[in-house]
Amino acid sequence: MSQATELAAAAGSTDPRVGLRAVRALRRLLERLEVVQVDNARRQGWSWQEIADALEVSRQAVHKKHAGRPAVNKSWEA
């Protein structure tokens with residue numbers, strides 16, 4: 001079972017301590033995945049608007065969050 005699958009299962013726990021820790025870990029994983037994929041899109045020439053459309057956020061929001069941030073060259077699993 002993958003880490004993400006285990007975390008998703010733990011997020012549904014009836015023990016709030018277990019569930020909330022899993023939610024926190026899933027948020028961190030999601031943030032890392034977003035950074036990797038935004039970098040991937042930018043390397044492939046996507047505009048901020050195309051990325052924003054894919055994420056269903058405004059162009060301004062995605063640009064503010066990711067512009068000027070150093071690109072990530074590592075796998076999201078790192």
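These notebook entries record what I looked up in a predicted model.

**Entry 1: the nonpolar core**

I began with the largest nonpolar core, which has six residues: Val-38, Ala-41, Trp-48, Ile-51, Ala-52 and Val-62. I then noted which helices supply this core: helix H2 (16-43) and helix H3 (48-55) each give at least two residues. H3 gives the most, with three residues.

**Entry 2: Ala-4**

I turned to Ala-4, which lies in helix H1 (residues 3-11).

With residues up to four places away in sequence not counted, Ala-4 touches Leu-26 and Leu-29. I also looked up Ala-4 and Arg-32, which are 28 residues apart along the chain; their C-alpha atoms are separated by 12 Å.

**Entry 3: H1 against H2**

I noted that two packed helices are described by the angle between their axes and the distance between the axes. For H1 and H2, the angle is about 140° and the axes are 7 Å apart. H1 is therefore oblique to H2. I recorded their crossing as left-handed.

Which residues make the contact? From H1 I listed Ala-4, Leu-7, Ala-8, Ala-10 and Ala-11, and from H2 Val-18, Gly-19, Ala-22, Val-23, Ala-25, Leu-26 and Leu-29. Sorted by class, the contact has eleven nonpolar residues, one polar residue and no charged residues.

How values were computed. Residues are numbered from 1 along each chain as its sequence is written. This is a predicted model: local features need pLDDT of at least 70, side-chain atom pairs count only at pLDDT 80 or more; totals for chains, interfaces and linings use all residues. Side-chain values use heavy atoms; hydrogens and water are left out. A nonpolar core is a set of buried Ala, Val, Leu, Ile, Met, Phe, Trp, Tyr and Cys residues joined through side-chain atoms within 4.5 Å. Buried means under 20% relative accessible area, exposed over 50%, partly exposed in between (1.4 Å probe, protein chains only). Helices (H or I, at least four residues) and strands (E, at least two) are DSSP runs, numbered from the N terminus. Contact means heavy atoms within 4.5 Å. Axes are lines fitted to C-alpha atoms, for helices over the stretch in contact, and angles run from 0 to 180 degrees between N-to-C directions. Angles under 35 degrees count as roughly parallel, over 145 as roughly antiparallel, 65 to 115 as roughly perpendicular and the rest as oblique. A crossing is left-handed if the near helix is turned anticlockwise from the far one by less than a right angle, and right-handed if clockwise. Ala, Val, Leu, Ile, Met, Phe, Trp, Tyr, Cys and Pro count as nonpolar, Asp, Glu, Lys and Arg as charged, and the others, Gly among them, as polar.
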